[in-house]
Amino acid sequence: MKGKSIAESEYIEKSERKDEIENVNRKRRFSREEKGKGKLVVETDLESEDESLVDVSFSDVELPAEEVKSPDEKLSKRSNRRTSGGRMERFRDAARRNASRFAYFNTREEEEENNNNLSVEAEREIPSVEEHIEEKVVEDWPGPFSTAMKIIRDRTANLNVRQGSSSSDQVPSVQIKWVPQKGKGKDGSKRLPPSLLDLSLRVLVDNADAIASLDHVPDAMRHKLCQMLCDSRQMNSNLLDLLLSGSPTEIRLRECSWLTEDQFSECFVKCDTSNLTVLQLDYCGQCLADYNIPSTLARSLNSLPALTTLSLTGAYRLSDAGLSVLVSSAPALRSVNLSQCSFLTHGAIEILASSLASVLLELFINDCQSIDAMLMLPSLKKLERLKVLSVAGLESVTDKFIKEIITARGDGMKELILSGCGKLTDSSLKIIAETCSSLRSLDIGNVPKLTDNSLGYLASGCRSLELLKLCRNTFSDDAIGAFLEISGEVLKELALNNVGKVGHNTALSLARRSRNLVSLDLSWCRNLTDEAMGLIVDSCLSLRVLKLFGCTQITDVFLYGHSNAKVEIIGLKLSPLLEHI
Amino acid sequence: MKKEETVKLISAEGMEFVIDKEAAMLSQTIRNMLTSPGGFAETEHGEVTFPEISALILEKICQYFYWNLQYSRGKETEFHIEPELTLELMMAANYLHT
């Protein structure tokens, strides 16, 4: 009971506080319960029915993060949440007044609402009360991030004052001064001649059957060739034999779905693996299983003595036992990628920890559904030199997990990939920012519960961040702008894919700060105009790649008017799409 | 062709190819060899030897240089490569950064 009322009061407090930040959200919060239910405005009917069902039984307060529910289910859940009628009464009235405004059903907004409230619930699980209070006072930090936020808001507010009350609903955007220049820059219709290397590779791929030998071809060339062959589905076992002949040092096949089990066994049984340093067999589920490892890759206890990099993504038949056999033959492993190996459990991590604790630098376990994050925690902590950790898509990754692993290993962490870990909240980012001072690369795409506070933490904590990937996050334009003001100088790669609120503040900060930015992804950022885009591209002189998928608002004014000759723009109508995969 | 604007590329067998400097500079490797400060023999005489590249391949490479210049000036044609040459050509192209 007590727990629930704390949650309730915080719900109110948090909503009130958030009101100061964003007026628009206030009304939405009150009608949160309505929005998720259906696509029609006919909410009030459901409501009146519900009142009669008022069941004051407080079943567990755990609110699962579901988006689509049947109306009946929702009704009963809602009735469970009825506490003091008065407060709810106020909410309902406010909701009725504003229901018509929210007739348009937007999945993402609803997710936002759900998650804004769910984060309150999640916080309850963390015992300490101080954290709750800390969560809300980022705005009051006397730090560079909040200063930057203030400047940006004042800038917008001044604009408000100057423009008067022209449009009360819309937030007026900051002025961007950029004029397209004719004649300069890249002429869209002229194409650079292809290099001789590319031309010869293409002919080689077309005549792949006629290749007699790949001896003397350096590894880099072999990899390029393999990549093109795999992409065009021309890779076959004969070519694999050529690759494996002699004593190969690196084998990189980014797609092995064409390889059958028999072919795999035949090819690898006679392969001399003593000099093999890199083995990449991605999507090898069809050919790799526990029983053919001992005869092919792990023929003896020291059959892979030089192997430092191993990637066996998609090996869905590989079990913990199979992995154990493999690892015992490869004592020098430094980088292991076992993404999408759905059969592996936390036992696999135990195996890695027992033999590779002092050497393993990189671990990728994206989408390994059977690995429970909390169960693997003790083993994970034993990896003394872990620098790169990727747990993308693992549902069991929670704030508690992050707290524990970062406290143990965060100092040395260089790269963290947490995309799709939907349960994470700002508190995880706080710990990461405070502990991982040498973090170079961070991927927090598709983590919808993160709020602007996270950007604040990152700005003040991770000073060496060179790569940041966001995708479908709900950060505001102001916050991203403020973040870039502080951390933009060091950034080399930035992805703001589908971060819908990106707007002029972001553009201005990018233009001012991102001197070293090489790659930028602004796909689906529909609030950016031609002027904003032009300003970014002309100011970021190191920029070489700009992705603009889904930016239908960008016109030729930008494409032919910008003066950055070195940037390659991908995703609009001019570029052939498949070249860039 | 004036002498100052040409360079000489020498194949493994000793066959010499004299081409425009502008064409040769399309190769980053050759460009570095010819413009690096330090008094290399190559810079002085404008000659570069490639003991690992055969005459047939070197000839094809020179053809590529001229084709590239033509392409940049607007005349976009196809550059045909005989399949037998591709492997060696690819490795030479990689070495020459072109």
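Figure 1. Ser335(A) is buried, with a relative accessible area of 10% (buried: under 20% relative accessible area, exposed: over 50%, partly exposed: in between, with a 1.4 Å probe and protein chains only). The residue lies in strand 4 of chain A, residues 335-337; helices (H or I, at least four residues) and strands (E, at least two) are DSSP runs numbered from the N terminus. Its side chain and that of Glu362(A) are joined by a polar contact of 2.9 Å (a pair of N or O atoms within 3.5 Å; within protein, one must be able to donate a hydrogen and the other to accept it, and residues adjacent in sequence count only if both atoms are side-chain atoms). When neighbours within four places in sequence are left aside, Ser335(A) is in contact with Thr308(A), Thr309(A), Leu310(A), Leu360(A), Glu362(A) and Phe364(A), contact being heavy atoms within 4.5 Å. This is a predicted model, in which local features need pLDDT of at least 70 and side-chain atom pairs count only at pLDDT 80 or more, while totals for chains, interfaces and linings use all residues. Residues are numbered from 1 along each chain as its sequence is written, chains are lettered from A and ligands numbered from 1 in the order in which they are written, and side-chain values use heavy atoms, with hydrogens and water left out.

**Figure 2. The interface of chain B and chain A.** Contacts link 17 residues of chain B with 20 residues of chain A. About 1,700 Å² is buried between the two chains, 77% of it on carbon and sulfur atoms; buried area is the accessible area (1.4 Å probe) that two parts lose on being put together, summed over both. In chain B, the most area is lost to chain A by Tyr71(B), Leu87(B) and Met90(B), together 31% of what that side buries. Across this interface, 4 residue pairs are in polar contact, both residues at pLDDT 80 or more.

**Figure 3. Helices on the chain B side.** Helix 4 (55-72) and helix 5 (86-96) of chain B each supply at least two residues of the side that touches chain A. Helix 5 gives the largest share, 7 residues.

**Figure 4. Confidence in chain A.** The average pLDDT of chain A is 79, and 72% of the residues score at least 70; pLDDT is the predictor's confidence in each residue, from 0 to 100. Over residues 118-140 of chain A the pLDDT is below 50. Where pLDDT is low, the predicted coordinates should not be read in detail.
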